[in-house]
Amino acid sequence: MGSGMETVDIVVVALYFVLVLAIGFFAMWKSNRSTVSGYFLAGRSMTWIVVGASLFVSNIGSEHFIGLAGSGAASGFAVGAWEFNALLLLQLLGWVFVPVYIHSGVYTMPEYLSKRFGGNRLKVYFAFLSLLLYIFTKLSVDLFAGALFIQESLGWNLYVSIFLLISMTALLTVTGGLVAVLYTDSLQAVLMICGALTLSILSLIKVGGLEGVRTKYMQAVPNVTAIMATGNFTYSPSCRIDPKPNALRVLRGPLDEDIPWPGFLLGQTPASIWYWCADQVIVQRVLAAKNLAHAKGSTLMAGLLKILPMFLIVIPGMISRIMFVDELACIGPEHCISVCGSQAGCSNLAYPRLVMAVMPMGLRGLMMAVMIAALMSDLDSIFNSASTIFTLDIYKTARGEASQRELLIMGRLFVVLMVAISIAWVPVIIEMQGGQTYLYIQEVAGYLTPPIAALFLLGVFWKRCNEKGAFCGAMTGFTLGVTRLILAFIYRQPRCDQPDDRPALIVKIHYMYIAAGLFWITCFVVVVVSLCTPAPDEEQVRATTFWGVRNRKMLPTEEKKDTCKLTEKSHCGADGSLEEEMPLNVREEKCLDGAYVVPLIPSTVCDPETPSTETSPVTTPPEQFDSAKMEMIRKESCHDVGETSRFMRSLEWFCGCKEEAQSPKQSIMQEDARVIAERLYEPPQIKAFLNVGLLINCCLAISMYVYFSL
């Protein structure tokens, strides 16, 4: 037990673990985990409050508490720009991208690229890129930040604590799927906000409020004489120890080393569009909402919550510098190594030091639980989303005949594989720890994701964009980004007391300007190649573009139900195939948007001598379903249930993989046009209310930028 933690603090942490496990297993017991939609998208039945809370905590991980507070201690308000930007981009997700994703009926973002452009090249490329980003940036940053806080506050063995945290998170994700993730995220959101708010209030009281922060932060300069007297340290004037002159502004000049405003608007924003509008971790939560109104409500809620990190994390980081300036603003590499073991800087200690100094006994345990909540929320989000991408976009592509049971098992096994990779990656993080590596990891997204943002924006808004143009643009942007990333790792930033002789391309050009160049170069290549090659089919873009959603046929819910009403009578044909009876005036007609109704009703009179193990193909228009989606959500309608051991029955229940016989009247339907139209339908009053919330969110974001930039 670390010196800063008492027995009551450890008890609080233990109670938190018990509560989270109880909620996770309750969700596992109540949820439908035996279907792909139930496991990966929570049955698409979540309300806006649950989804909004999950969006917030999926974004605010342990790296935010360590990294945002550390950046606040080192450079002031600047890092808060990312949080305010999220207010706007979350609404772009809710009002533009989510309707398109629902209309196209996709589970994953690589699947959307495949439906929009055709073929599998872009789908597989984006799937592998996403998995690499998850494993080697998100997981590594989270583990480093979580380990740093645990080591600072508890003194636990590093490997034991990391192993327990990852294993518990993976257990919840494997057994409960997205339902367990969403419900535990809701608890963690409440815990995170309450704990961080308590620390923020107590620390603000100590320094005299927000005005005290503004005044005292600019005076927070380490006592060089006293530090040199306490040890064999040297001070070099090239090592900056004074607060930056523009530390109290969010958006800064075009040559600023932290946030140049042209680079932020033109380069960082496209990279953020990928994160908020096309990253599986974020989008998967919104797709779990029961309809578009709940999805929009969740983005409004998450947008409002994104105001909090500036006050709950960034400003406490600045207060930590005020209180511990001789430790956080070290005067040279040797001093930094003596304080935190890293020659790059010790600002990452800002939040843990503040917790240990300000929080009273018991509440320190609460903040430890908050950090564990942040770490687990990020990890379970990454585990679930990465397993979804692997299962549906890589494994399903390679093995098209895989059954639903096989897909679910492979999704769970991939989570186990990610646990092993994460634990194996811990020594690398320890070896490369410090602010230097943390900043490098933040740049990775800026070098690799702007081309992806370009593909999604052009794919959603420009009908003429085709697969050849998208692939050429993606490869061009990816090649340039990887080249710049390799150069960044080759030419590492020297110690502050040594001259910087790196090439001007590395030193003078901010990575946000590189990101802007990658985004616009990708757009240019996509447009030119698309215009020089044949246009995509009209049916291919009808359900996958913003304009296709706007031009869809709108029908009231009651009329939709009457039009697409099906009879419950069904029987097996002579060949064992499924047939159904429908009203004669509907059988040959199309429902919404020209799509045929495709009910798949389990048979009750199958020939026992020739049991059917899967539904036979049903002829549908080519624009409605692809064969992969039909196979993915098929059920075994007529099968023999053999005797299984008690152990196997328990294992099947635990993993949610058991396939049960269907009720004769239960209709297993694909996500046809009727279901999609119902999910997209918004009552006029609710739509108007949501639009007012959109206006409030946008005005609030702009006012935050203005207030913290003047």
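**Figure 1. Lys244, Arg252, Asp256, Glu257 and Asp258 are joined in a network of salt bridges.** A salt bridge here is a side-chain nitrogen of Lys or Arg within 4 Å of a carboxyl oxygen of Asp or Glu. By this rule, twelve salt bridges are counted. Before you look further, note that this is a predicted model, in which local features need pLDDT of at least 70 and side-chain atom pairs count only at pLDDT 80 or more, while totals for chains, interfaces and linings use all residues. Residues are numbered from 1 along each chain as its sequence is written, and side-chain values use heavy atoms, with hydrogens and water left out.

**Figure 2. The whole chain, for orientation, has 32 helices and four strands.** Helices (H or I, at least four residues) and strands (E, at least two) are DSSP runs, numbered from the N terminus. Of the 710 residues of the chain, 58% count as buried; buried means under 20% relative accessible area, exposed over 50%, and partly exposed in between, using a 1.4 Å probe and protein chains only. The chain exposes about 28,700 Å², and carbon and sulfur atoms supply 64% of that area. Accessible areas come from the Shrake-Rupley method with a 1.4 Å probe, and for residues only the protein chains shown count as cover. Look at the contacts too (heavy atoms within 4.5 Å): among those with a separation of 6 or more, 84% are between residues 24 or more positions apart.

**Figure 3. Arg364 and Asp9 meet through their side chains in a salt bridge, at 3.8 Å from N to O.** Arg364 sits in helix α18 (residues 363-398) and Asp9 in helix α1 (residues 7-30), so this pair ties together parts that are 355 residues apart in sequence. Are these two residues, Arg364 and Asp9, buried or exposed? Both Arg364 and Asp9 are buried.

**Figure 4. Lys306 and Glu83 form a salt bridge whose closest N and O atoms are 2.4 Å apart.** Lys306 belongs to the loop between α13 (292-305) and α14 (308-323), while Glu83 belongs to helix α5 (residues 80-104), so the pair ties together parts that are 223 residues apart in sequence. Lys306 is buried, with a relative accessible area of 2%. Glu83 is buried as well, at 3%.

**Figure 5. Arg121 and Glu467 form a salt bridge, with the closest N and O atoms 2.7 Å apart.** Here the pair links distant parts of the chain, with Arg121 in helix α7 (residues 121-153) and Glu467 in helix α22 (residues 467-490), 346 residues apart.

**Figure 6. Helices α4 (residues 62-75) and α17 (residues 350-358) cross at roughly 95 degrees, their axes coming within 7 Å.** That makes α4 roughly perpendicular to α17. On the α4 side, the contact is made by Phe65, Ile66, Ala69, Gly70 and Ala73; on the α17 side, by Ala350, Tyr351 and Pro352. Axes are lines fitted to C-alpha atoms, for helices over the stretch in contact, and angles run from 0 to 180 degrees between N-to-C directions. Angles under 35 degrees count as roughly parallel, over 145 as roughly antiparallel, 65 to 115 as roughly perpendicular and the rest as oblique.

**Figure 7. The axes of α3 and helix α12 (residues 280-287) come within 9 Å and cross at roughly 170 degrees.** The helices α3 and α12 are therefore roughly antiparallel to each other. Val51, Ser54, Leu55 and Ser58 in α3 meet Val281, Ile282, Arg285 and Val286 in α12. Also find Val57, which lies in α3 (residues 48-59) and is buried, with a relative accessible area of 0%. The C-alpha atoms of Val57 and Asp378 are separated by 7.2 Å, although the two residues are 321 residues apart along the chain.

**Figure 8. Trp261, Leu265, Leu266 and Trp520 form a nonpolar patch on the surface, with about 440 Å² of accessible area together.** Patches are made of residues with over 30% relative accessible area and no salt bridge, where like charges are joined within 9 Å and nonpolar side chains (Val, Leu, Ile, Met, Phe, Trp, Tyr) within 5 Å. Which helix gives the largest share of the nonpolar patch? Helix α11 (residues 261-278) does, with three residues. Trp520 is found in helix α24 (residues 511-532) and is partly exposed, with a relative accessible area of 48%.

**Figure 9. Helix α31 (residues 673-680) is largely enclosed by the rest of the structure, because six of its eight residues are buried.** The buried residues of α31 are Ala673, Arg674, Ile676, Ala677, Arg679 and Leu680.
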